Amino acid sequence: MRIVTNSAQETEQLGERLAAGLKGGQVLALFGPMGMGKTAFTRGLARGLGVSGEVSSPTFALVHEHSGKIPLYHFDMFRVDSWDDLYSTGFFDYLESGGVLVIEWSENIEGALPEDAVRITISQGEGENQRVFQVEGLED
């Protein structure tokens, strides 16, 4: 499925809409360069899952845990470049948690992603604020 947004607000709204179809146990693997709206998408996703409070990129913490109707585990794998780094995040334990995992910089851990991960590739659209979301593995 291909979806185009034209602002950070629309990107957040997209995340919120997609959250409505999540039941827990899903892995959302985000791909795309810096500045594409991965964190804005995750803010909307969190809102859709009933998370209150601020959602920011876990760049240095590597993972932020958020409580909502379904727990949300927000990973940033930008600095992860080895299996040891990945194990240190607790990633594999979170896979069994029943929550929703959203992973920024999934490019860095592609070999560790579950086969049924929802793959969301975000790219620059025609305008400065336009983003194109290519979503694979999510049932409409």
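Reader: What makes helix H2 largely enclosed by the rest of the structure?

Author: Nine of the eleven residues of H2 are buried, so the helix is largely enclosed. Buried means under 20% relative accessible area, with a 1.4 Å probe and protein chains only. The buried residues are Lys38, Thr39, Ala40, Phe41, Thr42, Gly44, Leu45, Ala46 and Gly48. This is a predicted model, in which local features need pLDDT of at least 70, side-chain atom pairs count only at pLDDT 80 or more, and totals for chains, interfaces and linings use all residues. Residues are numbered from 1 along each chain as its sequence is written, and side-chain values use heavy atoms, with hydrogens and water left out.

Reader: What covers the buried residues of H2?

Author: The cover includes H1, E2, strand E4 (72-76), E5, E6 and E7.

Reader: Why are H1 and H2 called oblique to each other?

Author: Helix H1 (residues 8-19) and helix H2 (residues 38-48) pack at an angle of about 40 degrees, and their axes are 6 Å apart. Angles under 35 degrees count as roughly parallel, over 145 as roughly antiparallel, 65 to 115 as roughly perpendicular and the rest as oblique. The pair is therefore oblique.

Reader: Which residues of H2 make the contact with H1?

Author: They are Ala40, Phe41, Arg43, Gly44, Leu45, Arg47 and Gly48, where contact means heavy atoms within 4.5 Å.

Reader: Which residues have the most contacts inside the largest nonpolar core?

Author: Leu28, Leu45, Leu49, Leu72, Ile120 and Phe133 have the most contacts in this core of 23 residues. A nonpolar core is a set of buried Ala, Val, Leu, Ile, Met, Phe, Trp, Tyr and Cys residues joined through side-chain atoms within 4.5 Å. H1 and H2 each supply at least two residues of the core.

Methods:
Axes fitted to C-alpha atoms, helices over the stretch in contact; angles between N-to-C directions. Helix = DSSP H or I, 4+ residues; strand = E, 2+ residues; numbered from the N terminus. Buried < 20%, exposed > 50% of the residue type's maximum accessible area, 1.4 Å probe, protein only.
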